[in-house]
Amino acid sequence: MDLLEVKSLNKTYGSGEAAVRALTDVSFSVPKGEFVAVIGESGSGKSTLLNLIGGLDIPDSGKVIIDGRDIFAMKESKLTIFRRRNIGFVFQSFNLIPELNVEQNIIFPLLLDHRRPDMEYLEELLSVLGLEDRRKHLPGQLSGGQQQRAAIGRALITRPALILADEPTGNLDTKNSGEVIALLKEASKKYEQTIIMITHNSSIAGAADRVLRVSDGILADYGRCRG
């Protein structure tokens with residue numbers, strides 16, 4: 001069963017001579033639990049695609065269907081709740097709250113939704129992320145790799161069906177990049193979560209189950225990776 005369906009997405013920014021065609025008739029689907037990498041040069045449209053899938057931007061035409069729900073058919077208030085409960089975001093810049101410690105940053109999305117954390121699941125995540133001994137540390141007391149692992153924990157804590165990762169290794173060295181990708185792969189398999197990851201790094205993309213490429217707003221499917 002497909003967890004994500006993208007149907008004929010089109011997006012243009014600006015108008016007239018200043019118009020920039022960001023996406024042109026993009027369609028693809030992703031089954032539950034698949035880890036997909038989206039590669040492309042800067043300005044190719046890959047970030048626009050991720051923002052549309054996450055409901056952070058609105059297409060000129062087309063549909064994004066997540067777990068059978070057409071997200072752009074929802075009112076904004078409903079979409080906000082749906083996004084908070086069903087989509088986890090991992091950004092290049094971590095976006096941790098500096099005044100909150102690791103544990104507080106991870107459970108923050110649940111508190112926004114007025115839900116109590118599942119402490120057993122939190123402990124499991126801290127263990128998987130290798131952050132058990134850093135749980136009370138503030139972001140400023142962590143390495144870049146540790147901050148990104150905390151950000152991944154924050155994305156996982158709501159048990160979302162879909163995780164969207166935008167250049168999650170962009171600010172990390174090779175060692176930490178490998179660890180972060182391994183964590184995302186483990187989440188995909190262990191928790192059966194579908195992951196869409198943007199990267200400009202072809203070696204990082206090779207760790208995914210399947211690779212898509214966006215070039216000048218047009219998408220091509222490179223198919224499944226070996227291994």
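Guide: This is a predicted model. A place to begin is E103 and R135, which are both buried.

Visitor: Why is R135 called buried?

Guide: The relative accessibility of R135 is 18%. Buried means under 20%, so R135 counts as buried.

Visitor: What makes E103 and R135 a salt bridge?

Guide: Their side chains meet at 2.9 Å, N to O, and the cut-off is 4 Å. E103 lies in helix α3 and R135 in the loop between α4 and α5, so the pair ties together parts that are 32 residues apart in sequence.

Visitor: Which residue does R135 bridge to in helix α4?

Guide: That residue is E123. The closest N and O atoms of R135 and E123 are 2.6 Å apart, again set against a limit of 4 Å.

Visitor: Is E123 buried or exposed, or in between?

Guide: E123 has a relative accessible area of 31%.

Visitor: Why are α3 and α5 called roughly parallel?

Guide: Helix α3 and helix α5 pack at an angle of about 30°, with axes 7 Å apart. Angles under 35 degrees count as roughly parallel, and that makes α3 roughly parallel to α5. Their contact involves V102, N105, I106 and P109 of α3 and A150, G153 and R154 of α5.

Visitor: How do you know that D113 is buried?

Guide: Its relative accessible area is 7%, and the limit for buried is under 20%. D113 also forms a salt bridge with R115 at 3.0 Å, N to O.

Conventions: Residues are numbered from 1 along each chain as its sequence is written. This is a predicted model: local features need pLDDT of at least 70, side-chain atom pairs count only at pLDDT 80 or more; totals for chains, interfaces and linings use all residues. Side-chain values use heavy atoms; hydrogens and water are left out. Axes are lines fitted to C-alpha atoms, for helices over the stretch in contact, and angles run from 0 to 180 degrees between N-to-C directions. Helices (H or I, at least four residues) and strands (E, at least two) are DSSP runs, numbered from the N terminus. Angles under 35 degrees count as roughly parallel, over 145 as roughly antiparallel, 65 to 115 as roughly perpendicular and the rest as oblique. Contact means heavy atoms within 4.5 Å. Buried means under 20% relative accessible area, exposed over 50%, partly exposed in between (1.4 Å probe, protein chains only).
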